[in-house]
Amino acid sequence: MGPSIIRTYDLWKQYEDEGRGGMALRGIDLEITKGQIIALFGKSGSGKTTLLNLIAGLDGPTKGRIEIDGEDLAVLGERGRTLLRRKKLGFVFQFFNLLPTLTALENVLLSLELAGAADRRPALEALALVGLSGKEGRFPHELSGGEQQRVAIARALVKSPPIILADEPTGNLDSVTGTQVLDLLVRRCREAGATLMMVSHALNTCEYADRILRMSDGRIFEESSCEGLAP
Amino acid sequence: MNGVIRSFLRYLVRRKSLSVLQLLGIAFGVAAAVGMTLASRSALQSLGSAVDFLRGGTTHTIARPAGPMEEGLLARVMGDPAVKYFAPVIDRKVRLEGGEQVRMLGVDPFLDKDVRTLTARIAASTRNNTQEEAFSSFLFDPGAVLIDENVARSLNLSPGSTFNTMQGPLRVVHIFPNPSGEPLIIIDIGHAQEFFRMRGYVDRADLVVTDEDAFRGRWATGFTIESNTQKAQTLSALLGAFRLNLQALSLFALFVGVFLIYNTAMFAVVSRRRDAGILLAIGASRGQVTAAFLVEVLLLGVAGGALGGVLGYLLSGFLVKIVGNTISTLYFFLKPSVLPWSFWNLAGGVFLGCAASIVGALPSLLELRRVQPVEVLRGRIASRGASRRMKTIALSGLVCLAAALTLFGLSFLNVYIGFAGAFAFLLGASLFAGFVIILLVPVMKRLFSRAMGLAGKIAIGNIRENLGRTSVAVAAFMITLSMSIGLGSMIDSFRQSLLWWMNSQLRGELYVSTKADVNVPEEFYEELKRMSGIGGIDVFRNVPITFRGKPASITSIDASVLQRYDRFGWLEGGDENWEPVKQGGAIVSESFSRRFNVKRGDRITIETASGPADLSVGAVFYDYASEHGVIMMDRSTYLKLFGDRTINSLGIFIDEGNPDRAKIIDQVKLRARALGLPFATREEFHKRILDIFDNTFAVTRSMRVLAIIVAFFGIAGALMTLFVERQKEFGIYRALGFSTGDVARMTIAESLGLGLVSFLMSTVVGTVFAVILIKVINLQSFNWTIFYHFTARPYLVTALTTLTASLAACAYPLWSVIRKYPVMQIREE
């Protein structure tokens, strides 16, 4: 087993404004090694997205600790967490979350700009790798859903981050396009040696995963297969 | 340009129509402030140049404290060792045949050429042009005058022409240029004495004094010596309250402008919140997001400010005329000209635009800094927690209102504190907008549902759901409507108070001349006294004075006549207050009392022809004739103190029930007409005063219109944003089977709903604002009490304005709905 890149210790998260006590995570202990492809399943409200947001440093835990590549997120502070997202994390969302006023190329380039390397060539290459050559100048609303998600993948991968967090990357796509996008995402991560943590409802995600995790009621469980994981 | 900034700025291009509305909103807000400032400044500048033009090289003037100065004194003045040059002047008004009044200066051309380039040039030019005949005509022909080019143009006169005045015909011997713009006629001083029947007297002497202290020492008793600096200060002080009001109006316009920018910025934040969340998630810092938003806001500020600077300059061309007319009507002739275009108009506009943008965008900027990417990415929008937030905002509104109350309590220290209080009140009231929407929505839902069906119900729901946006639009619109109601109610209350004052103090059957018109010869007064049937004649004389270094005035009247026929409004006591006046005491107006802190029973010292005189103040009366204050005394007291027999006007009183009333009035009119004296019946006189009053508020009315235009852009912007932001929602409506007509009705209902909440709020806020204007601002600025009178007119006018603005504001969004809705689909991006 390789060195761990993501570690959580007794992670708790409570939302003040939510019902049922608002406890989204209940003592998550997790270790993910470099280059692993993780599929994270669970019903709505089980805490999958919350866990992803905490790992990305977008939100803080109520209790517990998170280490990314050996660095404690709490110690890093806001500035440090921002730098972490710039250099070490790539995000792929269900609803693509491209900036609507920027073209496909500009959306990808933005990621490089923030990482401090605003070079058009890798951005163009990243778009070519996701099969969007010739569509660099298009705005998000001029692209199909699948194409928008490819731009989002290119934006996440272009800066070669060691970790990619994907929150239901195929949730908003039809099954054929979803499979294509999943295939592309996993392939690119494997080629780059990046760790991919995918939140998903689609069972075919299991086929691509090295490790399957399931969340239920704020707790995490290790699964050996997709059997019994009803969507 | 980096990607973060680019992603924000592209919205300006992407949502062109919205950007244009935002830009125009800022531009009009800035234009109001720039226009009013420029108009005010041109008035002051013109005042300076008018004073300089007539002052020439003189340094001081000497005159009696009231009335003309004996000619015999001139030799003594001339012989004073401190006087280098001197020039006697008669400064009066002549009434042209058409009724227009023109200032007429009687000067001695030989003495005057040493102190004034104007007359020196006339004398020189006539001689250089060998027009010896014209010059000698000016000296020896009793009706020969020099007229300025404006009078010549308006009366179509040229050298040699003759024109008629109420006092007799005049013949033009020369036309001279007059940069001051004030119509001016110049006559030889000897002829002026004949013309105005003041043989042996002059009004003043203009001097060049070398040793001021020594001169003042020698002429301290019985004379008023005024340096040019003092003169300028006096004129400027006369305009003090008026200028203050102009400043306040421009500040209010800017306040609305800032609100609109806040409105604009708030809309921008709503649409940028999601982008900010994405940017933060992919590694942008909060600083970068804030900077990008700031650049966007500043860009609008710069462009809107620059446009506002240009529009403001154009607006000043219109306002300067109104301001000039008002000053000429109320204080002294002034014809301000528009200031030349300057780069600083643009720079000032940009500065105001940027400053207002930063102030207006600050709350939104802070909100953007607090954006939680997790919340945004989870699809949460601010309005989900809006109810609670609106309550918190309303609580901060309460804090603002408390601050306003404190400031009102301290406003006696300075009127600006009162203004700050008024702003705090408006700000505090605006913070209640969201809370009021929440309160009113259930009722409005029922109302709109009944009137417009499902579309109306959904529309009101939309207003509630988009509180973040709609509350700001309502606040901005409500503030302008409140200003409209407040100013309207204040003006109406003032008008009612003025009517009450006129009906109690100006009860004469007929008034012969006025203080602003030609004087009434004393013989005419004597002639009327001999007429049978007249119950009483009030002899009115008003002279400006300086009291404790500030401008004020003395009025002499016939106390016995006024006691019998008038019904003065007294702050304390009743008509028994006239008794001490008849015995040599004085009464003072409310504004005098407040300005100089003089109360009933106090003693005041005034400069008279025979030195300082001590007068007892018997009472204080309500008065709206002058905000600078009036000391009123019986004519017998006045004659004793000043020896000035001038009469400005006569008030003719006839006993009620006198069967010959009409005949007597006709007789007086006939005799006045024979002497060329103007006259007016009570009704005509009252109407003239009301006309002046209405003209005075022309500027205020213009600013109200402008504020409403600014607010219109606010509402239009809000509706447009709602439309742009809810594309997905419109897609759902379409899928559910809503027709274009349904959605169009929904848009209209949203606009009317926003207008209705704004109007309902403004009826309360506007009424309170009117009371603030009356009880705090006016009292501090003008020192007089206005009695609050409820009139429906401001509310009806504002209701109509609301309806018009709401319908006009939804015109463009409606057009967008009709154009775009039929092709809308449900989509995420």
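I take two strands as paired if DSSP finds at least two bridges between them. Helices (H or I, at least four residues) and strands (E, at least two) are DSSP runs, numbered from the N terminus.

**Conventions.** I number residues from 1 along each chain as its sequence is written, with chains lettered from A and ligands numbered from 1 in the order in which they are written. The model is predicted, and I note that local features need pLDDT of at least 70, that side-chain atom pairs count only at pLDDT 80 or more, and that totals for chains, interfaces and linings use all residues.

**Entry 1: sheet of chain B.** I looked up the pairing of strand E15 (residues 586-589) and strand E17 (residues 611-621) of chain B, and found it parallel over four bridges. Ile587(B) has Ala619(B) in E17(B) as its bridge partner. I then traced an open sheet of nine strands with mixed pairing, in the order E16-E17-E15-E18-E14-E13-E19-E12-E20 (chain B). Strand E16 (603-608) and strand E20 (679-681) of chain B are at the edges with a single partner strand each, so one side of each lacks a neighbour in the sheet. From one strand to the next, the twist averages 30°.

**Entry 2: helices on the sheet.** I count two residues as in contact if their C-beta atoms, placed from the backbone, lie within 7 Å. Axes are lines fitted to C-alpha atoms, for helices over the stretch in contact, and angles run from 0 to 180 degrees between N-to-C directions. Helix H19 (residues 522-529) of chain B packs on the sheet and touches strand E13 (536-547) and strand E19 (649-653) of chain B, at about 150° to the direction of E13(B). Helix H25 (residues 682-696) of chain B also packs on the sheet, touching strand E12 (510-512) and E20 of chain B, and makes about 100° with the direction of E20(B).

**Entry 3: contact of the chains.** I find 27 residues from chain A and 19 residues from chain B in the contact. On the side of chain B, H1(B) gives the most, with six residues.

**Entry 4: a helix pair in chain A.** Helix H5 (residues 145-157) of chain A packs with H6(A) at an angle of about 10°, the axes being 10 Å apart. I therefore record H5(A) and H6(A) as roughly parallel (angles under 35 degrees; over 145 is roughly antiparallel, 65 to 115 roughly perpendicular, the rest oblique). Among the residues that meet are Ile153(A) and Leu157(A) in H5(A), and Leu184(A) and Leu185(A) in H6(A).

**Entry 5: confidence.** I read an average pLDDT (the predictor's confidence in each residue, from 0 to 100) of 86 for chain A, with 95% of the residues at 70 or above.
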